[in-house]
Amino acid sequence: MAATGLENIGGLAFEIIVSKLEPCEVAAVACVNKRFKDWASDESLWSLYCSKDLALSSPLDPLGNPCSSFKAAYGAWREAYGMYPWPLVRRVKNVWDRIRIWLTGNFPEVLPTLCKGASEVELNELEKSLKVKLPLPTRVLYRFCDGQKVCTKVSSERVKNLCGLIGGYSYYNYLVNVFLLPLNVIIKETRDVTRLLEFTRPKYIVTAVSAYNEKMFFLDCEVGQLYVGTRNLLSRGEMMPCVPNGLIASVHDSRSGSQQDAMLLWLEEHVRRLENGIIKLREEGNIRSISLFPEQSPTCSLATTYGVQV
């Protein structure tokens with residue numbers, strides 16, 4: 001049907017048609033003529049795209065600043081993240097939104113420790129400094145949040161809360177509470193650990209550590225796998241993978257829409273467990289933290305032996 005024929009169908013019918021299109025296709029339709037441009041600029045249409053793609057209920061840009069319209073807000077997001085596959089950007093935004101929502105309702109003390117998103121310049125500087133190429137999902141994760149600042153202390157003797165986003169566990173005198181590192185600390189920690197462990201290939205970077213012992217997490221930038229150092233890390237360089245290798249895909253392929261590295265999968269599973277109550281907030285004395293001890297099936301079971309329940 002010619003464009004002149006479409007003009008005769010009326011605004012309501014046009015709205016129904018364009019609602020079935022993707023935003024980039026609507027933008028192309030707007031180039032046909034002035035009338036099409038007016039129809040394709042309707043705020044209800046772009047508010048729908050902002051809601052569906054970005055979970056935005058008001059027109060905000062990536063920095064949280066108000067925009068003049070939902071169309072302008074959507075354009076600001078696409079411009080800011082245009083160098084990445086859009087499905088990946090939507091997925092990463094979703095996981096950070098879910099993390100912040102859970103923290104707001106359950107552990108708001110962690111929110112001030114989350115840093116604002118890193119810039120492309122800062123990400124490129126890390127790659128240049130450490131001679132690595134970050135997996136695309138990890139780059140986008142850090143565009144939304146550049147790790148955590150160290151939690152503040154209420155006194156020189158006691159920490160107010162164990163604010164590690166990843167959480168941890170404690171038993172006897174052993175304490176683990178894992179923080180997601182910001183880029184500048186990743187550079188420093190990776191250089192220190194590389195010299196200490198004498199890695200033969202510069203592909204590992206330190207992405208998370210416990211603030212109270214030497215527990216460290218390493219991202220293999222070549223394949224996108226995440227490892228946690230074992231108790232034999234320093235003596236043997238021993239590490240364990242955090243995610244099944246078969247789930248990692250297309251970590252450096254910008255043409256694919258199915259990129260996922262272990263960092264993204266790890267955070268998605270972490271927030272899923274928090275949302276479902278598989279892991280919970282624990283309080284000991286006046287100290288609160290995210291406990292990684294599972295509290296629901298199938299990762300948790302109960303047994304009673306000679307009257308003792310474990």
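A residue is called buried when its relative accessible area is under 20%, exposed when that area is over 50%, and partly exposed in between, with a 1.4 Å probe and protein chains only. By this rule F144, at 13% relative accessibility, counts as buried.

Good morning. The model before us is predicted: local features need pLDDT of at least 70, side-chain atom pairs count only at pLDDT 80 or more, and totals for chains, interfaces and linings use all residues. Residues are numbered from 1 along each chain as its sequence is written, and side-chain values use heavy atoms, with hydrogens and water left out.

I begin with the whole chain. Its secondary structure comes to 12 helices and 10 strands; these are DSSP runs, numbered from the N terminus, with helices being H or I of at least four residues and strands being E of at least two. Of the 310 residues in the protein chain, 44% count as buried. Among contacts between residues at least 6 apart in sequence, 56% join residues at least 24 apart.

Let us turn to helix 9, which covers residues 136-144. How many of the residues of helix 9 are buried? The count is 9 of 9, and the helix is mostly covered. The buried residues of helix 9 include the charged pair R139 and R143.

Which helices pack against helix 9? Two packed helices are described by the angle between their axes and the distance between the axes. The axes are lines fitted to C-alpha atoms, for helices over the stretch in contact, and the angles run from 0 to 180 degrees between N-to-C directions. Helix 7, residues 86-106, packs on helix 9 at an angle of about 50°, and the two axes are 10 Å apart. The two helices are therefore oblique to each other. For the term itself, angles under 35 degrees count as roughly parallel, over 145 as roughly antiparallel, 65 to 115 as roughly perpendicular, and the rest as oblique. On the side of helix 7 the contact is made by L88, V89, V92, K93, V95, W96 and R100, and on the side of helix 9 by L136, P137, V140, L141 and F144. These residues divide into 10 nonpolar, no polar and 2 charged. Here Ala, Val, Leu, Ile, Met, Phe, Trp, Tyr, Cys and Pro count as nonpolar, Asp, Glu, Lys and Arg as charged, and the others, Gly among them, as polar.

Helix 9 brings P137, T138, L141 and Y142 to the contact, and helix 12 brings M263, L264 and L267. The division here is 6 nonpolar, 1 polar and no charged.

A pair of aromatic rings is described by the distance of the centres and the angle of the planes. Rings of Phe, Tyr and Trp (its six-membered ring) pair if their centres lie within 6.5 Å; planes under 30 degrees apart count as stacked, over 60 as edge-to-face, and the rest as tilted. The structure holds 13 aromatic pairs. In one of them, the ring centres of Y81 and F144 are 4.9 Å apart and the planes stand at 15°, so the pair is stacked. Y81 lies in the loop between helix 6 (70-80) and helix 7, and F144 lies in helix 9, so the pair ties together parts that are 63 residues apart in sequence. Is Y81 buried or exposed? Y81 is buried, with a relative accessible area of 4%.

Another pair is Y171 and Y172, whose centres are 6.3 Å apart with planes at 85°, so this pair is edge-to-face. Y171 is partly exposed at 41% relative accessibility, whereas Y172 is exposed at 85%. Both belong to one aromatic cluster, together with Y169, Y174 and F293.

Finally, a word on the backbone. Most residues other than glycine have a negative phi. K131, in the loop between helix 8 (120-130) and helix 9, has a positive phi of about 60° although it is not a glycine. K131 is exposed, at 67% relative accessibility.

How values were computed. Contact means heavy atoms within 4.5 Å.
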